[in-house]
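Subject: Structure handover and notes

Dear colleague,

I am passing on the structure below, together with notes on what was found in it. Please read the notes with the model open beside them.

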Amino acid sequence: MSPAGRRLTTAALALALLTPLTASCTGEPEPVTLRVLASPELADVEPLLRDLQEDTGVELDVDYRAGADLTGQYPAGRSGYDLAWLASDRSFLLRVQDSGGTLTRPESTAIMRSPVVVGLAPATARTLRARAPGGRISWADVADAAADGTVRFGMADPRRSDTGRAALVGVATAAAGTGSALREQDVACDRLRGFRSGQTLTAPSSRDLVDRYPGHQDDTNALIAHEAELLALNASGTLRTPLEIVHPDDGMVLSDFPLLLLDGGEREAYGKVVDWLLGTDVQRRLMETTHRRPVDQDVTPAPPLRTDVGNALSFPDRLSVVERLVTDYGDPGRHTADQVVFVLDFSTSMRGARMAGLRAAFAGLSGADDSATGKFARFYRGERLTVVRFGGRVLEERTVTVRGDADLEALGRTVARGGYDDATALWSALDRGYRIAAGAVRAEPGRPVAVVLMTDGENNAGITYQEFLRRHRALGDAAEAVPTFPVLLGEADARALRRAAEATGGRMVDAGLSSLSDAFKEIRGCHRQ
């Protein structure tokens with residue numbers, strides 16, 4: 001090599017060695033790009049990401065398509081994402097917990113908070129406040145108003161949306177009435193049928209839901225979403241009148257919008273992003289931009305964010321509970337109301353206090369029970385109800401589809417009528433109930449149907465239990481789809497009723513342990529066990 005060539009090579013080498021040293025001396029961070037899987041509602045942080053890149057050297061390439069529990073999107077080796085930024089990671093962490101060690105729990109940092117609340121049209125809010133004790137609206141009040149048609153709400157699909165799932169858990173936790181996280185026994189029966197009957201609007205995500213709502217103000221008067229999304233909607237100028245934001249008195253699920261490290265090899269860059277997002281100035285900007293509550297205690301919340309959320313409702317600690325809840329709720333865009341066939345003993349032994357208890361139970365299910373459990377258990381619009389009164393034979397039967405108070409009053413009159421009989425044709429009456437139920441299944445296969453059998457005596461007329469079973473089998477698949485829930489009262493044959501429940505996939509409830517009202521509420525929403 002010539003002397004001139006050696007000089008050029010030496011200069012090039014020196015320049016190559018000097019370049020990173022110069023960048024280091026000037027304090028410019030090495031550029032890094034992280035792929036981020038995010039919940040759709042986090043698109044509102046996009047305006048801050050350029051500043052994040054300028055300050056930290058970390059660019060976030062965000063894909064706003066995160067599912068509710070990242071099924072098929074985690075671990076990173078399969079997904080190609082470095083981070084996940086979710087509205088809530090609760091369902092995801094339950095999936096990790098249930099994986100038997102095949103999934104590892106990633107590092108996670110809460111970035112901001114927002115409770116799942118209800119936005120009500122002002123007139124609807126006034127109606128509910130007038131009904132609620134002390135004007136404090138609860139989830140039970142919302143469910144009661146949904147069941148009678150007063151509230152027509154929108155909610156994101158719990159199968160696909162973090163927000164929709166958090167909302168569903170919140171309502172179901174309130175329905176259980178235990179004050180603690182949902183357990184298996186709390187979701188053994190679907191207590192949310194009446195609540196669900198009021199849903200008129202849904203979407204894959206709460207962001208899509210909020211975008212759709214302005215075009216549905218005539219048929220939807222409530223939205224269940226994060227407080228932040230409702231505040232943003234009110235500020236958008238797209239509503240005829242702003243929604244009144246209600247923080248339910250029986251508790252709320254609080255989302256903390258965590259940032260998760262999916263790829264451990266990017267821990268340094270993740271740390272830079274977290275430190276930047278948790279800085280006091282950025283926390284204030286996030287609050288002002290997104291209407292979410294800061295996690296930094298040094299940042300004073302804006303006035304709309306100062307409502308106390310009280311004790312946040314606990315999320316279930318088992319994946320199976322959440323999965324059962326979401327499965328029972330089903331497709332929110334598809335409405336299928338239940339049919340319940342009540343087979344009721346009107347033998348003479350039911351006179352007096354027992355019949356008074358039966359009538360009180362029906363009155364409670366028709367809306368007279370203003371307890372929290374009563375509001376979730378009540379009959380709801382669209383539900384089809386059949387009453388079969390029997391003694392030594394079928395005395396009367398009446399079917400109504402609930403459209404309003406008049407239908408419930410008609411059903412109440414059927415239960416209130418006398419016409420007792422000296423005998424108890426238990427299995428003949430149950431056979432009649434199953435013929436009605438099987439006909440309903442054949443007419444509308446997607447409709448859940450159940451039979452409730454209430455008696456205080458033993459069979460002493462009509463067909464035998466063995467003949468009932470033979471006839472039940474002869475009805476085929478339509479009858480097989482329908483469980484029986486016997487309600488034991490007084491001197492009824494517990495062994496016989498338990499056999500009938502087991503043969504049909506139901507279970508027996510002993511009203512002697514509490515009351516007829518409690519027994520009927522216990523089996524509301526129950527189908528095959």
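Helices (H or I, at least four residues) and strands (E, at least two) are taken here as DSSP runs and are numbered from the N terminus. In that numbering, H10 is followed by Gly237, whose phi is positive, near 80°. The model is a predicted one, in which local features need pLDDT of at least 70 and side-chain atom pairs count only at pLDDT 80 or more, while totals for chains, interfaces and linings use all residues. Residues are numbered from 1 along each chain as its sequence is written, and side-chain values use heavy atoms, with hydrogens and water left out.

To stay with H10 (residues 227-235), its buried residues are Glu227, Ala228, Glu229, Leu230, Leu231 and Leu233, where buried means under 20% relative accessible area, exposed means over 50%, and partly exposed lies in between (1.4 Å probe, protein chains only).

Next, the sheet. Five strands form an open sheet of mixed pairing, in the order E2-E1-E3-E11-E4; two strands are said to pair if DSSP finds at least two bridges between them. Strand E2 (58-63) and strand E4 (107-110) stand at the edges with a single partner strand each, so one side of each is left without a neighbour in the sheet. Neighbouring strands of this sheet are turned by 25° against each other on average, direction ignored (axes are lines fitted to C-alpha atoms, for helices over the stretch in contact, and angles run from 0 to 180 degrees between N-to-C directions). Strand E1 (residues 32-38) pairs with E2 in the parallel sense over six bridges, and the bridge partner of Leu37 in E2 is Asp63.

Turning to the aromatic residues, rings of Phe, Tyr and Trp (its six-membered ring) pair if their centres lie within 6.5 Å, and planes under 30 degrees apart count as stacked, over 60 as edge-to-face and the rest as tilted. By this rule the count comes to eleven aromatic pairs. In one of them, the ring centres of Phe342 and Phe362 are 5.0 Å apart and the planes stand at 65°, so the pair is edge-to-face. This pair links distant parts of the chain, with Phe342 in strand E13 (residues 339-345) and Phe362 in helix H14 (residues 353-368), 20 residues apart. Both Phe342 and Phe362 are buried, and together with Phe379 and Phe520 they form one aromatic cluster.

A charge sits over a ring if NZ of Lys or CZ of Arg is within 6 Å of the ring centre and within 35 degrees of the ring normal. Arg196 lies in this way over the face of Tyr329, at 5.3 Å from the ring centre, and Arg389 lies over the face of Phe346, at 4.5 Å from the ring centre.

Finally, a salt bridge is a side-chain nitrogen of Lys or Arg within 4 Å of a carboxyl oxygen of Asp or Glu, and by this rule the count comes to 32. One of these joins Asp331 and Arg159 (3.4 Å, N to O); Asp331 lies in the loop between helix H13 (319-329) and E13, and Arg159 in the loop between strand E6 (153-155) and helix H7 (162-176), so the pair ties together parts that are 172 residues apart in sequence. Asp331 is partly exposed, at a relative accessible area of 33%, and Arg159 is also partly exposed, at 40%.
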